[in-house]
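The exercises below are meant to be worked through with the sequence and the structure in view. Try each task before reading its solution.

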Amino acid sequence: HGHHEAVLRSHRWRTAANSAAHLLPYLAPGLTLLDIGAGPGTITADLAELVGSVTATEIDQEVLALSREYIGSRGLNNVGFDVQDVHRLGYADDSFDVTHAHQVLQHVADPVGALAEMGRVTRPGGIVAVRDSDYGAFTWYPAVPELDRWLELYRTLARANGAEPDAGRRLLSWARRAGFTDITATSSTWCFATPEDRQWWGGMWADRILDSAIAGQLRRAGLASEADLAEISRGWLTWAAAPDGWFSVLHGELICRVR
């Protein structure tokens, strides 16, 4: 997705309450937590207030700086920062009490291997917690043809990049293949239905389809022209302006107890 302002506008909206509620009952003071793909750090900071220490990771220093800046603004001093690849984590076995990843597995080349690595660095009795959206299960009203085209293009591009946009429904299967046996699988949604939520969600995607990394990849792959993307952007604004507009984002969630 890249880190265009429109992408960060979405990621900075996320909190532990709206994006990691499945994990919160398992957290306690004194626990050590590894946060994979911390992004702008909003979820990470919330988790850090509930445990003893957090290690926030990202794929490079530029992205990690976003986490560092936000967490610093919250005045938290129990968070460390590290560049890591989830396929090959540079930590010893049994290093953390909790390992968490939000919206990560849908983007990686080997989600089963990534889950196995997360389990490796988590101590026996500890928890691996993941949550990913499922684009094929997104639903909205009213019908806007441009949003159908947006979803088709997004899923095609994600798979061309070696990723899986319908990750949510696959999490349980991936975890079982990674060797987990004690798994609690649930789901939850984000719902955008108030005028304010529609303007925010629709406006964010109207900008994102024009200017983020997704737009550039679609053009370079020959999947969409500038005119196509402009039409989809207008479709998002049409949806956002509908007084009965409603959009639901389904997520799969797992709590995996390490044996």
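**Exercise 1.** Is Trp150 buried or exposed, and what is its relative accessible area?

Solution. The structure is a predicted model, in which local features need pLDDT of at least 70, side-chain atom pairs count only at pLDDT 80 or more, and totals for chains, interfaces and linings use all residues. Residues are numbered from 1 along each chain as its sequence is written, and side-chain values use heavy atoms, with hydrogens and water left out. Buried means under 20% relative accessible area, exposed over 50%, and partly exposed in between, with a 1.4 Å probe and protein chains only. Trp150 has a relative accessible area of 1%, so this residue is buried.

**Exercise 2.** Classify the aromatic pair of Tyr135 and Trp150, and then that of Trp150 and Trp205.

Solution. Rings of Phe, Tyr and Trp (its six-membered ring) pair if their centres lie within 6.5 Å; planes under 30 degrees apart count as stacked, over 60 as edge-to-face and the rest as tilted. The structure holds 24 aromatic pairs. In one of them, Tyr135 and Trp150 are 6.3 Å apart from centre to centre with 50° between the planes, and the pair is tilted. For Trp150 and Trp205, the centres are 5.0 Å apart and the planes stand at 65°, so this pair is edge-to-face. Trp150 lies in helix α6 and Trp205 in helix α8 (residues 195–211), so the second pair ties together parts that are 55 residues apart in sequence; helices here are DSSP runs (H or I, at least four residues), numbered from the N terminus.

**Exercise 3.** Describe the surroundings of Trp205.

Solution. Begin with accessibility: at 2%, Trp205 counts as buried. Next, Arg208 lies over the face of Trp205, at 4.2 Å from the ring centre, where a charge sits over a ring if NZ of Lys or CZ of Arg is within 6 Å of the ring centre and within 35 degrees of the ring normal. Among the buried residues of α8 are Trp201, Trp205 and Arg208.

**Exercise 4.** At what angle do α8 and α9 pack, and how far apart are their axes?

Solution. Helices α8 and α9 (residues 213–220) pack at about 45°, with their axes 5 Å apart; axes are lines fitted to C-alpha atoms, for helices over the stretch in contact, and angles run from 0 to 180 degrees between N-to-C directions. This makes α8 oblique to α9, since angles under 35 degrees count as roughly parallel, over 145 as roughly antiparallel, 65 to 115 as roughly perpendicular and the rest as oblique.

Definitions and conventions:
Helices (H or I, at least four residues) and strands (E, at least two) are DSSP runs, numbered from the N terminus.
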